[in-house]
Amino acid sequence: MANNPEVSTVSPLMATYARFPVTIVKGKGSYVWDDQGKKYLDFTSGIATCNLGHVPDVVKEKLEEQLQNLWHCSNLYHIPNQEKLAGLLVANSCGDQVFFCNSGAEANEAAIKIARRYAQKVKGTDQHLVITFKQSFHGRTMATLSATGQEKIQKGFYPLVSGFQYLAYNDFASLDLLADLKPAAVLLELIQGEGGVIPAEPEWVKKLEAICKENDILLMVDEIQTGMGRTGKLFSYEHYDIEPDVISLAKGLGSGLPIGAIIAKERVAKAFDPGSHGSTFGGNPLVTAAGVATVQHIVTSNLLTHVNEIAEYLDAELADLKTKFSFIKDIRGKGLLKGIIVEVNAAEIVQKAITNQLLILTAGPNVVRILPPLTATKEEILQFVKILEKVFQSI
Ligand code: PLP
């Protein structure tokens with residue numbers, strides 16, 4: 001009875017999200033509509049997930065086709081879409097083999113597991129430590145929240161999974177500690193998304209890669225928020241002239257369908273032999289139909305050129321806003337992952353934007369995070385800037 005939504009005043013949903021009073025029922029391109037028919041400009045992209053905009057035709061067509069044939073099939077059998085998507089990811093990255101799962105946290109779980117297994121089964125050591133960084137975010141499962149360098153994500157979930165140590169991000173001195181710690185791997189975001197849109201310094205990343213190479217430490221890059229074209233390249237590591245051993249992906253890979261993946265170098269990938277890891281739904285025919293259509297579109301269209309052009313345009317507009325409002329301290333990020341660093345309450349800005357029919361995000365108390373669809377037009381950027389300026393005037 002207590003759970004009967006007809007009579008109970010308690011929500012049947014657990015309160016893991018402080019939801020805005022908006023019910024979104026429809027989306028197309030850069031816009032969503034609520035259940036009252038109100039239209040919003042969506043510059044969150046479902047938090048870097050609907051990178052091709054909402055309900056993109058190129059993906060919808062492939063999904064509709066797949067819906068007619070087969071939705072699910074166990075990984076005990078060959079799945080053509082999965083093999084095709086793996087082939088596309090390998091052809092367009094520095095990796096050689098792919099494992100599919102269902103989310104970002106699961107992708108990082110797979111990364112952590114493959115790092116330990118590589119150290120123990122391939123190298124024959126007892127190494128297990130994975131180095132991550134302060135302010136990082138890697139997920140909400142027990143292992144990935146333990147990997148996350150933010151206490152607020154870990155509070156109330158102790159004891160954490162052991163085997164993680166957090167170093168200071170962009171800090172050269174902390175790299176001197178790395179080799180002595182003898183870790184199995186380093187896991188890092190090249191732009192810390194949830195942590196405040198903080199890009200890694202190129203020289204620091206190059207030094208980190210060199211230390212990893214010299215000491216046979218796996219370099220694992222979490223591209224869950226930065227991947228799939230978000231920063232103007234398919235993967236953000238391409239900006240840094242490095243070759244990660246493992247890349248974790250999710251969010252934009254399925255254009256909104258739940259999919260995660262890791263891509264690994266062959267020597268690392270072979271640590272996963274039959275029975276060592278798995279997932280019932282991982283890479284099923286439906287989600288990988290979306291993945292194939294998404295990746296194919298990103299790599300064969302001029303989308304990345306468009307991202308770079310539109311990002312430059314957005315940068316200029318944001319720089320202009322910065323000259324008008326003294327509470328804007330900085331603009332950070334790359335491509336269409338942008339953080340506006342403010343000296344006011346970022347949550348209030350987001351709240352006011354909603355009442356002006358614009359969806360944006362925070363990344364901590366003083367960062368307004370902007371994640372437009374990669375398909376956003378110049379006109380939509382202008383519309384965004386106009387609304388944001390109005391919101392800023394009211395702060
Ligand atoms: N890693 C990064 C960098 C993320 O931004 C996120 C989600 O925001 C995750 C991991 C976790 O992904 P998911 O929510 O799909 O588990």
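Reply: Fine. First the term: a pocket here is an open set of grid points, found over the protein atoms alone, with protein on both sides within 12 Å along at least five of seven lines. The model is predicted.

Me: What volume does the second largest pocket have?
Reply: About 710 Å³.

Me: How many residues line the second largest pocket, and which lie nearest its centre?
Reply: The lining has 24 residues, and N75, Q82, V98, F99 and H277 are the ones nearest the centre. Elements giving two or more residues to that lining are α3 (80-91), β4 (97-101) and β12 (260-264).

Me: Which element gives the most to that lining?
Reply: β4, with four residues.

Me: And how does the lining split by class?
Reply: Twelve residues are nonpolar, ten are polar and two are charged.

Me: OK, ligand next. How many residues surround the ligand, and which are the closest?
Reply: The ligand has 13 residues around it, with G104, A105, D222, Q225 and K251 as the closest. By class, that shell has three nonpolar, six polar and four charged residues.

Me: Which helix gives the most to the shell?
Reply: Helix α4, residues 104-122, which supplies three residues.

Me: What does G104 contribute?
Reply: A polar backbone atom of G104 is 2.8 Å from an oxygen atom of the ligand.

Me: And D222?
Reply: There the side chain is involved: one of its N or O atoms lies 2.8 Å from a nitrogen atom of the ligand.

Me: How about E194?
Reply: A polar side-chain atom of E194 is 3.5 Å from a ligand oxygen. As for cover, the ligand on its own has 390 Å² of accessible area, and the protein covers 81% of that.

Me: Switching to the backbone. Which peptide bond is cis?
Reply: The one from Y158 to P159 is cis, with omega near 0°. P159 sits in the loop between α6 (151-154) and β6 (164-167). As background, most peptide bonds are trans, and most residues other than glycine have a negative phi.

Me: What is phi at I47, then?
Reply: Near 55°, a positive value, and I47 is not a glycine. I47 belongs to helix α1, residues 45-48.

Me: What about Q135?
Reply: Q135 also has a positive phi, about 70°, without being a glycine. Q135 is in the loop between β5 (130-133) and α5 (142-147), and at 34% relative accessibility Q135 is partly exposed.

Me: Now S174. Where is S174 found?
Reply: In helix α7, residues 172-181. S174 is buried, at 6% relative accessibility.

Me: What does its side chain contact?
Reply: A polar atom of the S174 side chain is 3.2 Å from the backbone oxygen of A168.

Me: Last one. Where does V197 lie?
Reply: V197 is in the loop between β8 (191-192) and β9 (198-199). V197 is buried, with 0% relative accessible area.

Me: How far is V197 from I340?
Reply: Their C-alpha atoms are separated by 8.7 Å, while the two residues are 143 residues apart along the chain.

Conventions
Residues numbered from 1 in each chain as written. Predicted model: local features only at pLDDT ≥ 70, side-chain atom pairs only at ≥ 80, totals over all residues. Heavy atoms only, no water. Near = heavy atom within 4 Å. Polar contact = N/O pair within 3.5 Å; in protein donor to acceptor, adjacent residues only side chain to side chain. Areas by Shrake-Rupley, 256 points an atom, 1.4 Å probe, with all protein chains shown as cover. Nonpolar A, V, L, I, M, F, W, Y, C, P; charged D, E, K, R; others polar. 1 Å grid on protein atoms, 1.4 Å probe; cavity = no way out; pocket = protein on both sides within 12 Å on 5 of 7 lines; lining within 4 Å. Points joined across faces, edges and corners; volume = space filled by probe spheres on them. Buried < 20%, exposed > 50% of the residue type's maximum accessible area, 1.4 Å probe, protein only.
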